[in-house]
Amino acid sequence: MNLASSLGVENPPKPLTDFKDLIQERAGAEGGAFIYNPKVDDIASKYGVIGPDGVRMLVMGTVDRGGSGCMCPASAFLRALLRHLMLREKSAVILDMEAGIEHLGRGTTRGMDIMIVVVEPGARSLETAERIKKLSSEIGIKHLAAVINKGGAGKVNDKLEEMGIQVLGEIPFDPKLMQADLEKRAPIEVGGEAVDAIVKIKEKLMEVVEEIRIEEEASKK
């Protein structure tokens with residue numbers, strides 16, 4: 001809900017699932033059928049909103065529940081868009097997913113280089129991370145890493161390493177993040193210890209992704 005303001009996007013884009021006519025035009029067919037591979041290569045440029053740092057934001061939206069008819073066209077449309085963005089676009093694509101991984105088995109894992117788990121300094125969060133590691137391996141995610149939120153690395157860091165989950169870094173508790181939120185400003189505009197830590201995490205992530213790329217290229221030879 002707060003991702004747009006965190007990126008500094010004042011007017012977030014409408015969820016793509018709200019564009020019923022577009023989805024029907026691209027993915028619908030007569031007689032209740034649907035097109036499995038609809039045209040989506042123009043969606044990001046037409047419906048994405050660009051933030052102050054050049055990040056283009058798209059909101060996928062959710063599929064309506066009971067009583068709204070067949071959602072197959074919408075599902076096919078979103079699945080095709082994710083596949084296009086992750087496999088064909090040359091830009092870096094970041095998916096901010098809902099808590100839990102139930103939806104990951106619906107085609108979103110294909111082409112994903114790495115999945116990052118945000119871990120809070122507590123036993124329940126560690127248990128969740130361990131479960132995510134087990135389930136993610138079952139649905140084809142080869143690389144998993146963690147970011148520790150609100151500080152408290154110490155034992156949390158050690159526990160994650162014991163689980164075989166690489167730690168990209170730690171974001172300390174920083175009042176400036178609350179200040180940015182109250183002022184409806186992007187954290188990067190306010191700065192502070194947390195933002196500095198996130199920059200380091202990004203740099204570490206870039207190194208890890210490059211290592212993954214080299215590893216995959218070597219395996220193809």
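The questions and answers below walk through a predicted model of one protein chain.

Reader: How many helices and strands does the secondary structure of the protein chain come to?
Author: Read along the sequence, the elements of this predicted chain follow the pattern α-α-α-β-β-α-β-α-β-α-β-α-α-α. Counted over the chain, the secondary structure comes to nine helices and five strands.

Reader: What share of the residues in the protein chain is buried?
Author: The protein chain exposes about 14300 Å², and carbon and sulfur atoms supply 52% of that area. Of the 221 residues in the chain, the buried ones make up 34%.

Reader: Is Ala 145 buried or exposed?
Author: Ala 145 is found in strand β4, which covers residues 144–149. Leaving aside neighbours within four places in sequence, Ala 145 is in contact with Ile 114, Met 115, Ile 116, Val 117, Ile 165, Gln 166 and Leu 168. Because its relative accessible area is 0%, and buried means under 20%, Ala 145 counts as buried.

Reader: What distance separates the C-alpha atoms of Ala 145 and Gly 169?
Author: Along the chain, Ala 145 and Gly 169 are 24 residues apart. In the model, the separation between their C-alpha atoms is 9.6 Å.

Reader: Which residues does Ser 125 touch, not counting residues up to four places away in sequence?
Author: Ser 125 lies in helix α5, and with a relative accessibility of 17% this residue counts as buried. Once residues up to four places away in sequence are set aside, those that Ser 125 touches are Val 118, Val 119 and Glu 120.

Reader: Why can Lys 134 and Glu 138 be described as separated by about one helical turn, and what is the N to O distance in their salt bridge?
Author: Both residues belong to helix α5, residues 123–138, and because they are four residues apart there, about one helical turn separates them. Side chains of opposite charge can pair when their charged atoms come close. Glu 138 is exposed, with a relative accessible area of 52%. The salt bridge in which the side chains of Lys 134 and Glu 138 meet has an N to O distance of 2.9 Å.

Reader: Which residue forms a salt bridge with Arg 213, the closest N and O atoms being 2.7 Å apart?
Author: Arg 213 also meets Glu 210 in a salt bridge, at 2.5 Å from N to O, and these two residues are three residues apart in helix α9, residues 193–220. Arg 213 is partly exposed at 37% relative accessibility, and Glu 210 is partly exposed as well, with a relative accessible area of 35%. The residue asked about lies in helix α9 too, four residues from Arg 213, or about one turn of the helix. With its closest atoms 2.7 Å from those of Arg 213, this partner is Glu 217.

Reader: How many salt bridges does the count come to?
Author: Besides the pairs described above, Arg 26, Asp 42 and Lys 46 are linked in a network of salt bridges. For the model, the count of salt bridges comes to nine.

Definitions and conventions:
Residues are numbered from 1 along each chain as its sequence is written. This is a predicted model: local features need pLDDT of at least 70, side-chain atom pairs count only at pLDDT 80 or more; totals for chains, interfaces and linings use all residues. Side-chain values use heavy atoms; hydrogens and water are left out. Buried means under 20% relative accessible area, exposed over 50%, partly exposed in between (1.4 Å probe, protein chains only). Contact means heavy atoms within 4.5 Å. A salt bridge is a side-chain nitrogen of Lys or Arg within 4 Å of a carboxyl oxygen of Asp or Glu. Accessible areas come from the Shrake-Rupley method with a 1.4 Å probe; for residues, only the protein chains shown count as cover.
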